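Please walk me through this structure, beginning with the chain as a whole and then turning to one of its sheets.

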Amino acid sequence: MPHVAVVTDSCASLPEEILKTLNIHWVAYYIHRGKQVLRDLVTIQRDEFLEWLDTAEELPTTASPGPGDYLEMYEKLSQEQGFREIISIHMTSKGSGAYQAAKVAQSMAQESIPEVRIEVVDTENVALCQGWMVIEAARAALADKSMDDILGLVKGMIPVTRMIQTADTLKYLYMGGRIGKAQQLVGSLLNIKPLIGMVDGVIVPLGRARSRERAYRMIVDLAEKAVGVKGKIKVAYMHAGAHAEVEKLKALVEERLTCVESLVAELSPALAVHTGRGTVGLCYYPVGWESP
């Protein structure tokens, strides 16, 4: 068993197989749907949620896990599994309260499990960008790396890990108050596909296209500009109920870039609330970024 436990939350949207294989521990977000309180990927799953969202008249709200949820996880890892070091990795603090909640839980844990070192990380990103940092942290933990080495690895990934995505509409982000600096794209003409990314933890506009196919090519152009022609990357293709569409993007990326490792993942319901069905994009980072 690794010496360092890796904790994240459901918005990392990691496939179940990866969570199990890499011994990643996660805490579920909350989704408030009318009077119902649902737990992300626990009491509500992706397909069921998107089917409901397609016809919803009122957008549900989401909430990060509270300090008590994270403290419960930290105590369980300490008391039941014997961990004395825990790294807790979360989405941008500018878009969610998860980081702050985990920090409060960290302080609370100093009383209940004072022998455990807990480090909480704000990834300044979201979805599978957060997910990549969790994956690499878990791999390092399984390789018996020290807490400081793992912490340095994750913090080093923050400025080089990038998200680019497109959708038919940004209305869900707008309605949920998560639009960031991309508000100018909300009023795009019909059939215009907006492209968005994240910079310093805030959603930003990256452009717009007149078709999905053109949007996918623009995504590849942006990634290639960042890493160079045939640049080596690790990439996660993400989507919300758009399995066929994400395969189109995947084919284009792999024509022009060198994908050292790739995976396909569907956004969790707590993220799909803010994207709606049809979102397609990628989260990637360049291989060899840590080299001088």
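The protein chain holds 10 helices and 13 strands, where helices (H or I, at least four residues) and strands (E, at least two) are DSSP runs numbered from the N terminus. Its radius of gyration is 19 Å, close to the 19 Å that the globule rule gives for 292 residues, so the chain is as compact as a globular protein of that length; the radius is taken over C-alpha atoms, and the rule is 2.2 Å times the number of residues to the power 0.38. This is a predicted model, in which local features need pLDDT of at least 70 and side-chain atom pairs count only at pLDDT 80 or more, while totals for chains, interfaces and linings use all residues. Residues are numbered from 1 along each chain as its sequence is written, and side-chain values use heavy atoms, with hydrogens and water left out.

Of the 292 residues, 54% count as buried, that is, under 20% relative accessible area with a 1.4 Å probe, protein chains only.

Six strands form an open sheet of mixed pairing in the order β10-β9-β8-β13-β11-β12, with two strands counted as paired if DSSP finds at least two bridges between them. The edge strands, each pairing on one side only, are β10 (202-209) and β12 (258-266). Within the sheet, β8 (residues 162-166) and β13 (residues 280-286) run antiparallel and are joined by five bridges, and R162 stands opposite Y284 in β13. Helix α8 (residues 212-227) packs on this sheet, touching β8, β9 (193-199), β10, β11 (232-239) and β13, where contact means heavy atoms within 4.5 Å.

Technical notes:
Axes fitted to C-alpha atoms, helices over the stretch in contact; angles between N-to-C directions. Buried < 20%, exposed > 50% of the residue type's maximum accessible area, 1.4 Å probe, protein only.
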